[in-house]
Amino acid sequence: MGNSLVARKILITGAAGEIGSVLRKGFAGRFDLLRLTDIKPMGGARPGEEVCEANILDQGAMITVMKDIDCVVHLAGIPRENSWEQILPMNVIGCTNVFEAARAAGVKRVVFASSNHAIGFYHRDEPIDTNVMVRPDCRYGVSKAYGEAIGRLYADKHGLSVSCLRIGSFRLKPEDERQLMTWISHQDTVHLFERCIVYPDYHFVIVYGVSNNDQNLWSNSKVNWLGYRPKDNAEDYVAEIIEKGEAEDPVAKAFHGGSFCSAEFDGDLERIE
Ligand code: 15L
């Protein structure tokens with residue numbers, strides 16, 4: 001094993017967000033230190049935690065909060081489609097600052113919250129694995145593809161261990177027909193991040209953040225070694241979803257990314273191979 005890592009001190013950026021809050025709870029007592037950072041209030045520190053308000057746009061502050069950290073879990077940023085004015089600073093500059101601060105602070109590993117919207121323009125009749133080229137379906141998706149690219153650069157050039165989690169639909173339960181394919185439950189999310197943090201040695205890995213859904217479009221077969229074994233299955237909620245009877249528009253229905261593909265769409269559906 002080349003660069004075996006024992007991750008005991010963890011920093012979470014975006015700790016006040018939806019995924020951050022669930023990880024915070026799920027990781028309670030799991031590591032020697034959970035340092036939480038966000039620009040939003042996070043409440044007081046619980047046992048084993050440190051809470052530090054810091055902005056990912058402030059690189060000096062990022063280097064400071066990464067002191068003595070083994071692994072950064074980078075969640076902060078704009079979590080869905082938005083204007084370039086919002087996406088570029090938070091998801092491109094902010095993400096760059098996080099990787100650069102990790103390198104400068106001597107952090108060994110970054111676990112990056114990417115998104116399925118980095119590959120949203122694959123057709124639904126084409127299931128994919130982790131080796132496919134990116135096909136972003138929106139500005140947000142482009143920013144996630146950027147995060148994966150800078151992760152690859154910092155792994156190859158600077159020797160960081162990097163994982164990029166293409167997260168699907170993180171919800172308490174699946175809410176529509178698309179989410180029968182894309183849902184990831186809270187407990188599977190905690191398990192996936194935990195595997196990416198504690199696995200002793202990897203260089204660069206992409207993994208889909210999806211539960212064990214019967215209708216999955218994304219295969220993690222190439223990263224089986226990571227030990228991610230999701231337990232939940234969106235199909236358990238199929239009756240509720242069918243009862244709602246909400247239909248997707250033709251563009252949304254054609255692609256993995258759903259409504260992220262159809263929003264602002266003025267392309268030619270026939271020409272998308
Ligand atoms: C995402 O990346 C978003 O953060 C989330 O809000 C969902 O919409 C999800 O993708 C999805 O694809 O359902």
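An oxygen atom of the ligand lies 2.8 Å from an N or O atom in the side chain of Arg 178, a polar contact being a pair of N or O atoms within 3.5 Å. The protein covers 86% of the 310 Å² of accessible area that the ligand has on its own, with areas taken from the Shrake-Rupley method with a 1.4 Å probe. This is a predicted model, in which local features need pLDDT of at least 70 and side-chain atom pairs count only at pLDDT 80 or more, while totals for chains, interfaces and linings use all residues. Residues are numbered from 1 along each chain as its sequence is written, and side-chain values use heavy atoms, without hydrogens and water.

**Ligand surroundings**
- In the side chain of Tyr 140, an N or O atom is 2.7 Å from an oxygen atom of the ligand.
- For the side chain of Asn 116, the corresponding distance from an N or O atom to a ligand oxygen atom is 3.0 Å.
- The residues around the ligand (a heavy atom within 4 Å) include Pro 79, Arg 80, His 117 and Phe 260.
- This shell divides into three nonpolar, five polar and three charged residues, with Gly counted as polar and Tyr as nonpolar.

**Confidence**
- The protein chain has a mean pLDDT of 97, and 99% of its residues reach 70 or more; pLDDT is the predictor's confidence in each residue, from 0 to 100.
- Among the elements of the chain, strand S6 (residues 161–167) has the highest mean pLDDT (99) and helix H7 (residues 238–244) the lowest (94).

**Backbone**
- Most residues other than glycine have a negative phi.
- Asp 68 has a positive phi, near 70 degrees, and is placed in the loop between helix H2 (59–65) and strand S4 (71–74); helices (H or I, at least four residues) and strands (E, at least two) are DSSP runs, numbered from the N terminus.
- Glu 264, in the segment after helix H9 (259–262), has a positive phi near 65 degrees.

Key. Polar contact = N/O pair within 3.5 Å; in protein donor to acceptor, adjacent residues only side chain to side chain.
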